Amino acid sequence: MTESITIRGKLRYQLAVNVAGRLTLAFRRRRNERKTARPGWSRDVLAPPLKLSARMKELMSRHYLGGRYANGAKKVAWVTSGAPIEILKALGFYILYPENHAALCGARRKTVEIASEAENAGYSRDICSYARTDIGAVLSGKTPVGRLPRPDVLLACTNICQTVLYWYRVLADYFKVPLILIDTPFIYEEAHAHDVAYVKRQLEDMIPAAEKIAGKKLSFKRLKEVVRFSREASFLWLEVLDRAKHRPSPITAFDGFIHMAPIVDLRGEPVVIDLYRQLLKEIDVRISKGIGAVKHEKKRLLWDNLPIWFKLRKMAQTFAGYGANVVAATYTYAWGELAPMMDETRPLESAAQTYLHPLLNQGTGHKLESMQKMVREFSLDGVVLHSDRSCKPYSLGQIDQRDYFVNHAGIPALLLEADHNDPRSYSDQQAENRIAAFMEILEDSSNAD
Amino acid sequence: MIDLPSRKKVIREFQKKGGKIAAVLPIRYPRELFRAFGFLPVEVWGPPHADVTLGGSHLQSYTCDIVRNAVSFLLSGGLDRTDLILVPHTCDSLQGMGSVLLDFVHPKQKVLTLYHPRGVRKADFDFLTEELKRLCGELSDWTGGEPPPGAFWEAIYREETADRALARLYRDRELLGLSDREFYRIVRSREFLPAEDFIENEKKLARREKRSTSGVPILLSGIVPEPMDLFDEIETMGARVVADDLACGTRRLYKSGHSEDPFVRMAERLFSAPPDPTRGSPISERADHLKNLIRKSGAKGVLIYDVKFCEPELFDVPLLRKKLEAEGTPVNYVEFEMGKILSQQTLTRIEAFIEMIG
Amino acid sequence: MKALAALGIDVGSSTCKIVGVDESGELIWHLLEQADPRAEDQVQRFLKAAEQKFGPLKAVPFVATGYGRKLVKDAAKNITEISCHAKGVYHELQKPGTLVDIGGQDSKVIVIGAGGRVVDFAMNDKCAAGTGRFLENTAGRLHVPLEALGKTALSADREETISSTCTVFAESEIISLVAHGVAVEPILKGLHRSLVSRIVAMIRSVGLVSPLMLSGGVARNEAMRKLLEEETGEKVHLPQYPQLMGAYGAALIGLKNG
């Protein structure tokens, strides 16, 4: 069923992506960089958008353009966001992240149209909206990025949820390609030796399977290089996010949501390192000039869970309108906090540890501790917990976590009911009302101090 | 007819003899391990009679009722007579439940978890063996000692015998002269009866003439058929269940193991179960398994009856439907919320389906 | 007057209907009332009316359908409205196809095969605002009489998007639009569109077999018809008494079995 790599395919890829695509996208970027205003961006409460986002957009557009021409030029893997991609990257696979693609559909407000295709085929509205978006795109070919490449292999890692396993089984059946599973036992309290050994063994077993599909041998030298790039990019990403500790914060969590795409989709590539270095520079200029991302930063908040992709700007503006900056998010942090675990000298063992320990693969108490730590380190005044109908692993536990903040730590916390990708499970009116009430509580609590 | 005691009565009697009780959430776990330590596993499949607002104070409304009701039941004192709670990591909702119990609810009972791997590779098998050893270790630490020598093997053989008795019940279901409701009451008594009692009951059931074949034969798939009135309703509608693919039914028909290592043997047994989405079985494997059940039982349609928000089940429905309908077997999916009564909407859907295939 | 050969009753969540047919299956008599919370009394009243018209009903086959079908103790049989609508519409339009029935509590899409047999069907999600009741409630909230709902919606020259399908969310969207001074017409049109798109999803899930037919009380709403045609590109066929199709089908089933 899968397409073999041909000289023609490679040539087409070179021409379309590296020649024509590179030029067009660079031109578009330069045009974007000159733009200082964006439609709907309220300059009275928010600082102008980060300049680097044009560069980031170019990078991601090139990634998706590459996908469009990947079949025939490269072997293609579809992977879950928490999957150990270093081995595939070292083998030269083009890597597509359906979750990121779904988020992109969400941000461009295409979800309802695309997810409906899956719903019409019988996929219930009660399943994750990322999965519905992806399955809808597969069934209908609809996508805002032109075309998604057909996978030669699927890689699902259960360290973010079990949903991906159910979802990738559907893809495996549809595409008739192998599904490689990396099963990562959930860590309720702490990881056991046999958990780590199990993940490591699956990574070892994955190598020959991936080699067979790639048609070549894995070079450990290359693998180490990829791990080094991944690690460095993750550290830089963490640095970017940590800049939000400044008062006023030069960035918002919403900037984080927008700029996280490369660390998810392109980690392991040197270009990400370069991008985040530049991002740091831009942020540091803001800090030196005392520019805050929210113009009159009075309150600093934490966001828990995935963003509401189809309401990113609206959320940023609503909070900024109250002088509140959502400066940090557990979600964006999750892509940096494991950086210290990566070790190129022991690529498989360290990968086993790294991929076992994402926030989502650890207990609800651990998440509360992480949030408390962020509240301290980022000097936060309140917590917004997005209760995401489409993400149970992230959301279950939030009722108790909120209860802890409100009743034990004296920190106002809001449980905001929504969905990360499906606007039909969200109401502006209701959300605005709740946020307004929450902001009143925040005001009161600071007056009481 | 067999006189089945209630869960309450079974618990009381087991405790009278000095035994302890383990409350166990769905779906898979090693019964024999708990019995070896002197615990009777009594399963909790979302009791429908608890005040559900209690569970709502910990879990959002989009959590499935099996989990929300179980938490409600625990908080309303329904599990007060149990000594420990085992929450297998079956799905994201049970993951959330286990974690919230450990980190926030802190029930008086000891809370244990078990991770069943999602594949059937050698690595998965070896992991499961190690995971069972870990569970055993935690039980020894907590109870203050290993079971007496021989207790392990005694428990393993007993559970294997009980599983063979269960398989015989399924094989002979048409000869037992039981209504569907009676049949499933007996099958589901495996959820709380000591294996020795289950074995005795099976022996008592006489085999008779094949039951008259008046109703429309259907295959019932899903996690759990609650409330049990469902079976009466299906009968009134003119149908009968001739085979099942229920998580509390044939998806737990475990075979006997071979190994002489008790942990390997328990893992062999858990691995021998039919395909199930929560174990990561490929959808095509599930479809083939269902086709096989349809062929053997003569079912004319498949009713997938599931509790709302059950993601592992929901993902498979469209492809199962496509694959089975391609071979001429209509499939209908009906969801329900776990309450005391069946909703009219649910019943109408089932009835229309039976009219359609009848 | 033609002789009564069978009776069918449809005890629905919004209305209660009874239909009488003659030997040839022709609809010769009917009654329709808002549903009485005491359904049993209403059924008795209906039967009495039939008796007054046709004389003793002892030998007349009587079949019940609808949500309250089990409350009809006198019925020889009770059959779901899915089978009955299929039977009734098939008998009247004389062809297989896809039937959309938008009822008070449930919406259904039924694929009808030869002889009026149900080949497949789909019903709305519980949480989706895909039912007649939802339209009724909104009509009340916007002070538009139910009969004028479709016409008012069609008179709009633009439409507002109502994206939520959860009833509570959709209501809050509508309230918010009204609060922002949006006129009633575009809101209503958007609301109809959202309902129709739910129906179209159900149609796709079972697969459309032409022609497309519509029954149930909502069939009288011209906006539903028009938008359904727009969204599917199919002409919508209507039986003469869309609301009576359940009861009619029930009577036909009685006729066949009686």
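**Chain contacts and salt bridges**

Modeller: Across the interface of chain A and chain C, the rule finds zero salt bridges; a salt bridge is a side-chain nitrogen of Lys or Arg within 4 Å of a carboxyl oxygen of Asp or Glu. This is a predicted model, in which local features need pLDDT of at least 70 and side-chain atom pairs count only at pLDDT 80 or more, while totals for chains, interfaces and linings use all residues. Residues are numbered from 1 along each chain as its sequence is written, chains are lettered from A and ligands numbered from 1 in the order written, and side-chain values use heavy atoms, without hydrogens and water.

Colleague: Then what area is buried between chain A and chain C?

Modeller: About 1000 Å² is buried, and carbon and sulfur atoms give 44% of that area. Buried area is the accessible area (1.4 Å probe) that two parts lose on being put together, summed over both. Of the area that chain A buries against chain C, Asn120(A), Arg125(A) and Gln429(A) supply 50%, more than any other three residues. Nine residues of chain A and twelve residues of chain C take part in the contact, where contact means heavy atoms within 4.5 Å.

Colleague: And chain B with chain A: what area do they bury?

Modeller: They bury about 4400 Å² between them, with 59% of it on carbon and sulfur atoms. In chain B, the residues that lose the most area to chain A are Tyr62(B), Phe104(B) and Phe315(B), together 18% of what that side buries. The contact takes 53 residues from chain B and 53 residues from chain A.

Colleague: How many salt bridges are counted between chain B and chain A?

Modeller: There are four. In a salt bridge between the two chains, the side chain of Asp126(B) meets that of Arg201(A) at 2.7 Å, N to O.

Colleague: Which elements give two or more residues to the side of chain B that touches chain A?

Modeller: They are helices H5 (92-105), H6 (122-143), H12 (283-297) and H13 (311-325) of chain B. H5(B) provides the largest share, ten residues. Helices (H or I, at least four residues) and strands (E, at least two) are DSSP runs, numbered from the N terminus.

Colleague: How many salt bridges are found over all chains?

Modeller: A search of the whole structure finds 90. One of these joins the side chains of Lys367(A) and Asp304(A) at 2.7 Å, N to O. Lys367(A) lies in helix H16 and Asp304(A) in strand E5 (residues 299-304) of chain A, so the pair ties together parts 63 residues apart in sequence.

Colleague: Is Lys367(A) buried or exposed?

Modeller: Lys367(A) counts as buried because its relative accessibility is 5%, and Asp304(A) is likewise buried, at 0%. Buried means under 20% relative accessible area, exposed over 50%, and partly exposed in between (1.4 Å probe, protein chains only).

Colleague: What about Arg251(B): which residue does its side chain meet in a salt bridge?

Modeller: Its partner is Asp276(B), at 3.6 Å, N to O. Arg251(B) sits in the loop between strand E6 (239-246) and helix H11 (262-271), and Asp276(B) in the loop between H11 and H12 of chain B, 25 residues apart. Arg251(B) is buried at 0% relative accessibility, and so is Asp276(B) at 0%.

Colleague: A change of topic: where is there a cis peptide bond in chain B?

Modeller: The bond from Pro26(B) to Ile27(B) is cis, with omega near 5°. Ile27(B) is found in the loop between strand E1 (20-24) and helix H2 (31-36) of chain B. In chain C, the bond from Ser210(C) to Pro211(C) is cis, with omega near -5°.

Colleague: Finally, what is phi of His143(C)?

Modeller: Phi is near 55°, a positive value in a residue other than glycine. His143(C) lies in the loop between helix H3 (132-141) and helix H4 (149-154) of chain C, and it is exposed, with a relative accessible area of 72%.
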